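Biologist: Let us go through this model by question and answer. Please keep to what can be computed from it.

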Amino acid sequence: SRGQASATPTRLLKIDRDPPNVTISFRRSGRVATIDVRAIDRDSGSKTPQVFFGDGTSAWGRHLRHAYRPGRYTVTVRASDNVGNVRTERRVLVIR
């Protein structure tokens, strides 16, 4: 009713609608590539990303080493945050 104070505290909730920001970088040594993934979500935090190496295999992690045969590969990273927002990024890797 009017003029009465509430004994229930008010809470402000922040809604996170944005997926994590993702960057992919490579370091090559012969036919072995080190794939570094940054997945950052300042609002709700990010989970460990899944990396698809482009050769039919995948792994979970932020710093991965993978051996390739010569060729052109599309490395795909799928990263999610702690509330379920997902971002997918791709980058081409060429192994000679």
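Biologist: At 5% relative accessibility, does Tyr68 count as buried or exposed?

Modeller: This is a predicted model, where local features need pLDDT of at least 70, side-chain atom pairs count only at pLDDT 80 or more, and totals for chains, interfaces and linings use all residues. Residues are numbered from 1 along each chain as its sequence is written, and side-chain values use heavy atoms, with hydrogens and water left out. Buried means under 20% relative accessible area, exposed over 50% and partly exposed in between, with a 1.4 Å probe and protein chains only. At 5%, Tyr68 therefore counts as buried.

Biologist: Which residue forms an aromatic pair with Tyr68?

Modeller: Rings of Phe, Tyr and Trp (its six-membered ring) pair if their centres lie within 6.5 Å; planes under 30 degrees apart count as stacked, over 60 as edge-to-face and the rest as tilted. The whole structure holds 1 aromatic pair. Its centres are 4.5 Å apart with 50° between the planes, hence tilted, and the partner of Tyr68 is Tyr73.

Biologist: Is Trp60 buried or exposed?

Modeller: Trp60 lies in strand β4, a strand being a DSSP run (E, at least two residues) numbered from the N terminus. Trp60 touches Thr48, Pro49 and Gln50, leaving aside residues up to four places away in sequence; contact means heavy atoms within 4.5 Å. Because its relative accessibility is 55%, Trp60 counts as exposed.

Notes: Helices (H or I, at least four residues) and strands (E, at least two) are DSSP runs, numbered from the N terminus.
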